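Please look over the sequence and structure before reading on.

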Amino acid sequence: MRILKRLFATLFILLLLAIAGGYLYLNWLKPKYSGELKLTGLAAPVEVIYDDYAVPHIYAQNESDLFYAFGYVHAQERLFQMEVLRRLADGRLSEVFGAAALPTDKFFRTLSFREYAKSTIASRDPKSTQMQAAQAYLNGINAYLKNGKTPIEFTLAGIPKNEFTLEDMEMIVGYMGYTFEGAFKTEALATYIKNTLGDDYLADIMQNWPDEKYTNKVAAWPKTDLEKSELAQQNKENALVLASLSQALRSINSTLPYPPMHGSNGWVVAGSKTKSGKPILSNDTHIAFSQPSVWYEAHLECPGLKVYGNFLAATPIPALGHNEFGGWGLTMFENDEADFFREKPNPDNPNQVWYKDHWEDMEVRKEVIKVKDAADIELMVKKSRHGIILNEAFEDVAEEKDPIALWWVYYQIPSRHMEVFYNISKAHNANEAREAVKPLTAPGLNFMWGDVEGNIAWWAAGKLPIRPAHVNPNLILDGSTGLDDPTGWYDFDLNPQILNPERGFLYTANNQPDDMGNGLVPGYYVPSDRAHRIEQLLDNDRKDWTVENMRATINDVTSSTYPGLIAVMDSVIDKKNLSVNAKNAWDILKKWDGKHELDNIEPAIYYRLLLSIYEHAFKDELGEKMFPEFEHNVGVKRNTAAFFKNKNSRWWDDVNTKDKVETESAILAIALNESVEKLIARLGNDMSKWKWGSVHSIEHKHPMGMVKGLDKIFNVGPIPVNGGRETVNNLDFWMDSTGTYKVVYGPALRRIIDFANPETAQSVLPTGQSGYFLSDHYADQAKMFATGGSRHELLNRSDIEKVSIGKLTLKP
């Protein structure tokens, strides 16, 4: 017995020692915010002062040391994020995460970001200041890889530590610019509806698509009835191909550890409307939420450069930022920069396609995807003159007889993004900023600008292709004739842009830009709900705008669209066939002012009703497979109000009931009765408890949090949040039968800068600066973000030192 007691005591002590050792080890892994480090590669000492939110303020004597030091401290906080992003962009997740990542790897390996990175880097002058800055930054990352602590995620996942290269950096930028998914989604749905249901169905939910000027004709074909029949069959095949592409992409996107940008809000108000007399800039970029946050903040300063900005992982130049003279914000332009071409294959040679009057060889290369604990996978990547062939990237499309090529602006011209953002970081005024953004190729971005001189400006930057007049870019194009090929590029002067408008403010919310005199730019623009609300709030005689009341605007949660939509439904719905509970719910909903506060009841009713209406109106025609492509489609969102005003739409009839024709009035009543019963089952009979905050929440998911058990350690949340779909505070979600609305994407930061005092701006991140789960700054902004708060962005050293948590000195 005594021996057993001693054995148990010994085991208990060993367990305690193991726990203590593990605790000490995990704490040792925390980022280092103070002290001294000696690093090979520096020319002079560099000071890194961390403020109270762990933002590094880096002071160097030259640019090379500045970017080297930034690379080091950035890697200290976000090395795992950098690693996952470079593997994601390069199609190499399967090497560490196994076969589950294969669909994602096949898609991104097919997109060939590495091949494009090589050619882009080769086109640049390696001695340019931008490229020297990039290399110095990479040297800093690699110094941390060699000398710094190994992130716990590397240990858990067995990830090897390999140096970062210029190609890795370029691939990450390419991935974050991968925004042509809008082309997959909208073109898939529109083509499917047009070619399987007909133009009248399409017009009812995507009005003005296609525009009358788009005839989709190729020369004088078709002429005969047989040719017309062949064209109809080809169009149906096109529709099914695009549908398969869209569905596969949606599945991939749902599992991405760091999804790309979705949209954004940005506006700038002139000094004539502000209390300070100087412009105020507001910006919130919309990106799918993840942990750590997509943006990392830093202040970089040396002779000739002083900028505070937000940086993507493994990039040395801020994508958003300001200096002491001016600053800029970004939103997605949403212009159509991708087309799909159906190639005509040679039946005797699978590596050739027809072009005009001859067979052309495609470029072919073999890619090998290594898979953890499994055999390697070989992937043949083909490229026609129009672009990468997508078929092999998706299993459902691999056997499609005709190759589908992706023509994308990003592939056509070497990227100059490094030059763009480096130069705008140094811009002193609107003229210099405009020159800085002109070379941008893709993705298209809206730049909002304000400066201490009092200028406000907006430039929709990006290369805009000139397409033949007959081409409808919303359809798959014919790659065999050459007639559908883009013919050139518009000059930047023809891009939408405005400098110092008379009304004293500018805004963009991913809405369709106005015709600037040379026609509307084709694109996948979102509904104008946010744009209308922003204009509603800014377009007045107010002359006393401040940072504080601007924050109320950036956090606004009122839809200016939904109350009018409900009024339309109220005039139509068959109230005689509503249940008692449905009538009570409708009495609540029809008084809604559009607010999405935590205590509001109406949003919980509205979104459940909207889904039920969609299911009863559209699912019978679209079917189970296509319906998911419908619910979140921007084209549908843009035309929801018009659809509800159209009582004669064929969509209202249920094609499965042969003995009657359903009406909008009946469908609305059926949907409301059904929605209320489901809400009662989910939330109870007491409607006063159907509060938005009980069903609408945000969770910031870490890649390691996808493993059950680790989610409680690495994820942040869930946290109840206000806001909703296409409110200014755009916290969007997928609608499904659960009756809960888990936020998918929204503001990845909220920045406000008064250029009367650019050295003290305000911002907030969704979670925090650090990527290490035990850091005090892993989630120290999460509650602040959820409740609409903010904290400082400091450029003045004395202000920084007052709130400093430590100084790290890097020495040669």
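Which residues in H17 meet which residues in H19? In this predicted model, Tyr562, Leu565, Ile566 and Met569 are the H17 residues, and their partners in H19 are Tyr606, Tyr607 and Ile613. By class, this contact has seven nonpolar, no polar and no charged residues.

**Helix geometry**

- Two packed helices are described by the angle between their axes and the distance between the axes.
- For H17 (residues 562-570) and H19 (residues 602-631), the axes come within 13 Å and cross at roughly 55 degrees.
- That angle makes H17 oblique to H19.
- The H17 and H19 crossing is left-handed.

**Aromatic pairs**

- The whole structure holds 41 aromatic pairs.
- One of them joins Tyr606 and Tyr607 in an edge-to-face arrangement, 5.1 Å centre to centre with 75 degrees between the planes.
- Both Tyr606 and Tyr607 are buried.
- Trp692 and Tyr741 make a tilted pair, because their planes are at 35 degrees, with ring centres 5.4 Å apart.
- This pair links distant parts of the chain, 49 residues apart: Trp692 lies in the loop between helix H22 (664-683) and strand E25 (696-700), and Tyr741 lies in strand E28 (residues 741-747).
- Trp692 is buried, as is Tyr741.

**Aromatic cluster**

- Which residues form one aromatic cluster?
- The members are Phe107, Phe108, Phe113, Tyr116, Tyr175, Trp408, Tyr410 and Tyr411.

Conventions: Residues are numbered from 1 along each chain as its sequence is written. This is a predicted model: local features need pLDDT of at least 70, side-chain atom pairs count only at pLDDT 80 or more; totals for chains, interfaces and linings use all residues. Side-chain values use heavy atoms; hydrogens and water are left out. Axes are lines fitted to C-alpha atoms, for helices over the stretch in contact, and angles run from 0 to 180 degrees between N-to-C directions. Helices (H or I, at least four residues) and strands (E, at least two) are DSSP runs, numbered from the N terminus. Angles under 35 degrees count as roughly parallel, over 145 as roughly antiparallel, 65 to 115 as roughly perpendicular and the rest as oblique. A crossing is left-handed if the near helix is turned anticlockwise from the far one by less than a right angle, and right-handed if clockwise. Contact means heavy atoms within 4.5 Å. Ala, Val, Leu, Ile, Met, Phe, Trp, Tyr, Cys and Pro count as nonpolar, Asp, Glu, Lys and Arg as charged, and the others, Gly among them, as polar. Rings of Phe, Tyr and Trp (its six-membered ring) pair if their centres lie within 6.5 Å; planes under 30 degrees apart count as stacked, over 60 as edge-to-face and the rest as tilted. Buried means under 20% relative accessible area, exposed over 50%, partly exposed in between (1.4 Å probe, protein chains only).
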